Amino acid sequence: MLPISITRAAELKKKPQDESKLGFGHYFTDHMFLMDYEEGRGWYNARIVPYADFALDPASMVLHYGQAIFEGSKCYRTPDGGLQLFRPEANLARMTRSAQRMCMPALDEETALEGLKELIRLEADWVPHSPGTSLYIRPTMISMDVHLGVHASKTYLFFIILSPVGSYYKDGLKPVGIYVEDQYVRAVRGGTGFTKCAGNYAASILAGDIAEKKGYSQVLWLDGVEQKYIEEVGSMNMMFAYGNRIVTPALNGSILPGITRDSILTLARQLGYETEETRLPIADIFADAKSGKLTEAFGTGTAAVISPVGKLCWENDEVIIGNGDIGPVSQKLYDTLTGIQYGRLPDENHWCMRL
Ligand SMILES: *Cc1c(COP(=O)(O)O)cnc(C)c1O
């Protein structure tokens, strides 16, 4: 592990006073963690410094060829006032898998984790207190060579920034309407769908914009070859409940292997639900929603944990799922996972890391 130097900010920012108005990704804390990479030398200069702008040469490769990957996780405040991370090693390991696909160097996960813990200890006062709030963690890696020409950069910057975020649900779990995209695709076999690379999100913005203008909150992506099988939602994996049976698309290389997805599948089995990872034709799901066989649908991801889907639009047809309200399976899984993350329920799977 690298030594980590700490330079404290001379002046601290004014923290947002009203935690009900935090929103998502609007505020950033006083410090950030950085480390550099150079081919032949490896990772070096791990440091915590005051949060500030970067100076980037206009020819920096990341600005042209987009070698950029990120992660997202959260730090939670427990009832006794303590702080804990949820499965942080899983996020860093996933970042290394993203890096490999993008021809970027494997992360020094040990130093990154220690840097994250140090950074959060320094910023502990930034972790909000109200129910449902948390400190969002955004690790990012970008290519830094100053050079034009498409090949792997030899230098990289890794950084972690922190953002206090509000409760996703101010008035309880509210189901959302989802637009099934049948023109654009997010990922294809052999592509980058399983990585959190910036380009995946750049390519998704147009479809998201169109869906929003039609009154839906997110896009549901279908497979990139036949556009027949369900993949996932913008930044969430999808699950469908038929009574006590939960089905979700299998990890096929084009969907993002969500840590919330994995946690929810594990908890679901422990709670006695039946789970299945398989290929899900949109036509079947849509028909089952119409007939009432499909009882619930929900997205899983770090930001919302569980986001119930009340309505699907596909090929100019709309269907209400269940009765359009949050169902018992979604509610139970949401209560269980958030209970563990906030330290209100026992953590039998040893997912939480106390700071
Ligand atoms: C981040 C993300 C998810 C959810 O992953 P978690 O680890 O559960 O937060 C799902 N799909 C996409 C496309 C994502 O970017």
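**Cavities and ligand site of the predicted model**

The second largest cavity is lined by Thr295, Glu296, Ala297, Pro308, Val309, Ile321, Asp325, Ile326, Gly327 and Ser330. Here a cavity is a set of points, on a 1 Å grid over the protein atoms alone, where a 1.4 Å probe fits but cannot get out, and lining residues have an atom within 4 Å of a point. The model is predicted: local features need pLDDT of at least 70 and side-chain atom pairs pLDDT 80 or more, whereas totals for chains, interfaces and linings use all residues. Residues are numbered from 1 along each chain as its sequence is written, and side-chain values use heavy atoms, without hydrogens and water.

About 40 Å³ of space lies in the second largest cavity, and about 90 Å³ in the largest cavity; each volume is the space filled by probe spheres set on grid points joined across faces, edges and corners. Residues lining the largest cavity include Ser73, Lys74, Tyr76, Ile259, Thr260 and Thr302.

Around the ligand there are 15 residues, of which Lys196, Tyr201, Glu232, Thr260 and Thr302 come nearest; a residue is counted as near if one of its heavy atoms lies within 4 Å. An oxygen atom of the ligand is 2.6 Å from an N or O atom in the side chain of Thr302. A ligand oxygen atom also lies 2.8 Å from a polar backbone atom of Ile259, and one is 2.8 Å from an N or O atom in the side chain of Arg94.

How values were computed. Polar contact = N/O pair within 3.5 Å; in protein donor to acceptor, adjacent residues only side chain to side chain. 1 Å grid on protein atoms, 1.4 Å probe; cavity = no way out; pocket = protein on both sides within 12 Å on 5 of 7 lines; lining within 4 Å.
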